[in-house]
Amino acid sequence: MGKVACANVLSDLYAMGVTEVDNMLLLLGISKDLSNEQRKVVIPMILEGFRDLAKEAGVSINGGQTVVNPWMIIGGVATSVCTQKEIIMPNQAISGDKIVLTKPLGTQVAVNLHQWMNLGTPSWNIAKDLISEDDVMKGYDDATISMTTLNLAAAKLMHKHGAHAATDVTGFGILGHSRNLAEFQTADVDFSIHTLPIFAGFTDVCKQLIEKGGRNFKLLQGLSSETSGGLLICLSAESAEKFVEEMRGEGGTAWIVGDVVPGTKTSRISDTPNIIEVSY
């Protein structure tokens with residue numbers, strides 16, 4: 001949880017091309033339902049994870065706040081003082097650009113399936129006939145790797161390859177965030193998304209859950225919430241190819257998932273998107 005929260009906080013700055021962060025504050029809400037013994041185990045682990053990833057990012061944590069809360073909360077604030085050249089304004093996409101995504105989709109599905117399985121919920125009674133426990137664990141492990149990976153490498157490559165606009169993909173899903181980004185563009189363009197990289201196995205599970213009367217995550221509609229998701233970046237066609245190649249060469253993930261086309265500043269996903277199954 002600590003690493004996921006740290007990566008998520010920093011992504012807002014990385015999406016603007018900010019690669020050197022001056023300061024972080026850590027915000028922690030400790031659940032009142034935890035016993036003293038549980039607190040002694042859980043809280044140090046969360047704090048250690050947050051600190052470890054902040055160190056990896058080269059960021060100093062210089063304060064924060066801790067409160068007792070009805071449920072666990074972990075988050076923070078990241079700030080940096082920048083020159084104009086250190087920032088990539090998210091409004092310069094033009095027709096002909098390609099859209100790149102740097103992490104797979106499906107973190108909400110992974111976390112929910114894992115939780116249902118562990119708690120033996122009514123939702124798991126539906127899902128257990130659609131996916132094995134081993135596959136749930138594999139998807140959860142893959143999602144954890146993704147959520148705890150910094151978007152720092154992508155932010156650096158945004159400068160190298162002249163990105164025109166970017167956002168991070170989190171709570172509104174890929175479609176929600178791409179719509180927000182499209183509305184902010186100077187040019188009259190639309191974002192047309194034709195490809196969805198998704199953690200392996202989750203596409204079929206989501207379809208079958210709906211058929212069985214289970215939860216509709218709206219994953220294939222691009223509206224499934226993500227936690228600590230990737231960056232959605234607009235680059236020229238040539239630069240997008242180089243960006244993807246270089247990200248993969250550094251051990252990361254990236255895919256060209258769409259096109260910037262003339263339009264009215266909105267975003268859409270193909271009715272029959274190309275699904276790429278991703279496994280770490």
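An axis here is a line fitted to C-alpha atoms, for a helix over the stretch in contact, and angles run from 0 to 180 degrees between N-to-C directions. Keep that in mind as we work through this predicted model.

**Exercise 1. Describe how helix 1 and helix 2 cross, and sort the residues of their contact.**

*Solution.* 
Step 1. Two packed helices are described by the angle between their axes and the distance between the axes. For helix 1 and helix 2, the axes come within 6 Å and cross at roughly 35 degrees.
Step 2. Next comes the hand: the crossing of helix 1 and helix 2 is right-handed.
Step 3. Now find the residues that touch. Helix 1 contributes G2, K3, A5, C6, A7, L10 and Y14, while helix 2 contributes I46, G49, F50, D52, L53, A54 and A57.
Step 4. Sorted by type, the residues of this contact are ten nonpolar, two polar and two charged.

**Exercise 2. Work out the strand order of the open three-stranded sheet, and say which strands stand at its edges.**

*Solution.* 
Step 1. Strands of a sheet pair through backbone hydrogen bonds, either parallel or antiparallel. In this open sheet the order is 2-1-3, and the pairing is mixed.
Step 2. Strand 2 (61-69) and strand 3 (73-79) are at the edges with a single partner strand each, so one side of each has no neighbour in the sheet.
Step 3. On average, neighbouring strands of the sheet are turned by 15 degrees against each other, direction ignored.
Step 4. Look at one pairing: strand 1 (residues 23-31) and strand 3 are antiparallel, with seven bridges. As an example to find in the model, G29 has I73 of strand 3 as its bridge partner.
Step 5. Helix 2 (residues 36-57) lies across strand 1, strand 2 and strand 3, and runs at about 160 degrees to strand 1.

**Exercise 3. Classify the aromatic pair of F199 and Y280, and explain which parts it ties together.**

*Solution.* 
Step 1. The structure has three aromatic pairs. In the pair of F199 and Y280, the ring centres are 6.4 Å apart and the planes make 40 degrees. Stacked needs under 30 degrees and edge-to-face over 60, so this pair is tilted.
Step 2. F199 belongs to strand 6 (residues 189-199) and Y280 to the segment after strand 9 (267-278), so the pair ties together parts 81 residues apart in sequence.
Step 3. Finally, ring pairs link F199, F202 and Y280 into a cluster.

Note on methods: Residues numbered from 1 in each chain as written. Predicted model: local features only at pLDDT ≥ 70, side-chain atom pairs only at ≥ 80, totals over all residues. Heavy atoms only, no water. Pairing = 2+ DSSP bridges. Helix = DSSP H or I, 4+ residues; strand = E, 2+ residues; numbered from the N terminus. Contact = heavy atoms within 4.5 Å. Phe/Tyr/Trp six-rings, centres within 6.5 Å; stacked < 30°, edge-to-face > 60°. Left-handed = near helix turned anticlockwise from the far one by under 90°. Nonpolar A, V, L, I, M, F, W, Y, C, P; charged D, E, K, R; others polar.
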